[in-house]
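Hi there,

Here is the structure I promised to pass on. Have a look at it first, and then read my notes below.

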Protein chains: 2
Amino acid sequence: MNEMPKFLQRINGDLWLVEDERENMKISYRIKDVIFSAPSEFQHVMILDSYDFGRMLVLDGVVQTTSLDGHIYNEMITHIPLSIHPHPERVLIIGGGDCGAAREAAKYDHIQEIDMVEIDELVVKVCKEHLPAVSGNLADPRVHFIYADGIEHVKKIKNHYDVIIVDSSDPIGPAKQLFEYDFYHDIRDALKEDGLMVCQSQSPLFHRNVMEQTIRHVNRLFPITKVYTATVPTYPGGFWSFTLGSKKHHQLPAQPFNKKTKYVNDAILRSCFELPEFLRTK
Amino acid sequence: MNEMPKFLQRINGDLWLVEDERENMKISYRIKDVIFSAPSEFQHVMILDSYDFGRMLVLDGVVQTTSLDGHIYNEMITHIPLSIHPHPERVLIIGGGDCGAAREAAKYDHIQEIDMVEIDELVVKVCKEHLPAVSGNLADPRVHFIYADGIEHVKKIKNHYDVIIVDSSDPIGPAKQLFEYDFYHDIRDALKEDGLMVCQSQSPLFHRNVMEQTIRHVNRLFPITKVYTATVPTYPGGFWSFTLGSKKHHQLPAQPFNKKTKYVNDAILRSCFELPEFLRTK
């Protein structure tokens, strides 16, 4: 790499990524090395090697996932719905270009089909090649990579999936529609009659409106709505919410959780639904 | 304020606090106003009004607590030990200059004495005056403010307290000794024969060594050691650990938690001890 990507700065001889998309709080990461940097059709894509977080996926200058903590988010968005559904066979992941959610889903032997609909093929390619701590060098024949718009994909499919995982980025730019009512309506229709969905619903502290709007949408469309949280260190404030909408199933299984993981275990599966007081009283 | 405090920078016309104490990750906060700024005998003390977190206590340029999330840390370090001890009457808080832990402890009618040993009187003064969201304008006659070194205080007292809360800053500079074996030894001796203590034991992700060392110290000194976690958005990574050492009591009470709080409730009291897989398997 001879030319420095525009999102990086050299300060006192050190390379820094200065996140610039937030108005009132900025996080800067000291960088060891630029592993990959190029624009795709949709966004600027980088893999950076950082001091504190190891390798990171950075889109348009914003950190998306890291070797240090990517597993927390990916395990939480995947194992909760796949534990609540008693026998998922067909799973759809919308977004999830880092391949981490698909990697977790592939740990279930009874799942037959994992459709991963990611708009940006370059993200998948570089994560598989340069971010193995997150993507796990995913090469499971049950995973179908579909490089398309997730919104268009769910519009076309009815009564097909057992579980849909919406692994979106922040609701700005193209991902904005992934937080709107019509999208969740199409998701409901793409699910089987006992299907369930989960989405990341942003920070309960910094994006309370987005979280509450998501809960309202899901609540209108599904008979069962549940909210759970996890600590995701690379997202602002570290405190993150997920919203689950289900047509029928809502209980965790009696048998112990038996997947090999770094974050999720039986106690976490159960305790993640326990919300702090400020999220229970409105 | 005519002169700009050295920890602040003006960037494109806006005022920013750029935290500078970490080597590989820096967080910057956009600032509305400098409410207070002066050096004390021990450190540089500021109260800043920020856009995302409201008013913040900043010591030597590092954010300590904020109006937005200060209650999470203070409720978690206070209500867990005060719920596990069945009838605490004498409580010692070491550090805790923002007065938040003392404020939470004052919610227990049966507590007769709350000694708050904080080395820096100026911190207490400015938090009481300018940070009411955290300090709650604390004016309870049971709270005794002792402006002294917590290490010297616990050396002198034997068999006196029911609960000791170590609300320290990071283990650099003067707070370093608050993470050492001898200090916990003195704490054990300052506790009654059924007493218990809790300390903040840093981030399980970024300060794993400090956390494990603290657990080892407490484990050597107390028959019961328990670790719990909380999400504290203004601390790096958001994921924070607390270590509890007890001579006798270790169970939460059967009766429901009945204090007015924003974060802690019965479900949180119980689920905070559920650790993710990477903290259970060593």
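One term before we start: two residues are in contact when they have heavy atoms within 4.5 Å of each other. This is a predicted model, so local features need pLDDT of at least 70 and side-chain atom pairs count only at pLDDT 80 or more, while totals for chains, interfaces and linings use all residues. Residues are numbered from 1 along each chain as its sequence is written, chains are lettered from A and ligands numbered from 1 in the order in which they are written, and side-chain values use heavy atoms, with hydrogens and water left out.

Find A:Arg30 in strand 3 (residues 25-39) of chain A. Helices (H or I, at least four residues) and strands (E, at least two) are DSSP runs, numbered from the N terminus. What does A:Arg30 touch, leaving aside its neighbours within four places in sequence? In its own chain there are A:Asp14, A:Leu15, A:Trp16, A:Ser50 and A:Tyr51, and from chain B there are B:Glu23 and B:Asn24.

Is A:Arg30 buried or exposed? A:Arg30 counts as buried because its relative accessibility is 12%; the cut-offs are under 20% relative accessible area for buried and over 50% for exposed, with partly exposed in between (1.4 Å probe, protein chains only). A:Asp14 has a relative accessible area of 29%, so A:Asp14 is partly exposed.

The side chains of these two residues, A:Arg30 and A:Asp14, form a salt bridge at 3.4 Å, N to O. That term means a side-chain nitrogen of Lys or Arg within 4 Å of a carboxyl oxygen of Asp or Glu. The pair links distant parts of the chain, with A:Asp14 in strand 2 (residues 14-18) and A:Arg30 in strand 3 of chain A, 16 residues apart.

How many salt bridges does the structure hold over all chains? There are 21. As background, side chains of opposite charge can pair when their charged atoms come close.

One of them joins B:Lys192 to B:Asp162, with the closest N and O atoms 3.3 Å apart. B:Lys192 is in strand 11 (residues 191-200) and B:Asp162 in strand 10 (residues 161-167) of chain B, so this pair ties together parts 30 residues apart in sequence. B:Lys192 is partly exposed at 22% relative accessibility, whereas B:Asp162 is buried at 4%. There is also a network: A:Asp14, A:Arg30 and B:Glu23 are joined by salt bridges that share partners.

**Where the chains meet**

Now look between the chains, where 34 residues of chain B are in contact with 34 residues of chain A. Together the two chains bury about 3,200 Å², 62% of it on carbon and sulfur atoms. Buried area here is the accessible area (1.4 Å probe) that two parts lose on being put together, summed over both.

The count of salt bridges between chain B and chain A is 2. B:Arg30 and A:Glu23 form a salt bridge, their closest N and O atoms being 3.8 Å apart. On the side of chain B that touches chain A, the largest share comes from strand 3 of chain B, with 6 residues. That side divides into 18 nonpolar, 8 polar and 8 charged residues.

**The cores**

A nonpolar core is a set of buried Ala, Val, Leu, Ile, Met, Phe, Trp, Tyr and Cys residues joined through side-chain atoms within 4.5 Å. The largest one has 48 residues, and those with the most contacts inside it include A:Met76, A:Ile80 and A:Tyr263. Helix 1 (residues 70-84) of chain A gives the most to this core, 7 residues. A second, separate core has 47 residues, among them A:Val227, A:Phe239, B:Ile80 and B:Val91.

Take A:Tyr263 as an example: not counting residues up to four places away in sequence, its partners include A:Met76 and A:Ile268, along with B:Pro276, B:Glu277 and B:Phe278.

Helix 3 (residues 121-130) of chain A has buried residues including A:Leu122, A:Val126 and A:His130. The buried residues of this helix pack against elements of chain A, among them strand 3, strand 8 (113-117) and helix 4 (132-135).

Happy exploring!

Note on methods. Ala, Val, Leu, Ile, Met, Phe, Trp, Tyr, Cys and Pro count as nonpolar, Asp, Glu, Lys and Arg as charged, and the others, Gly among them, as polar.
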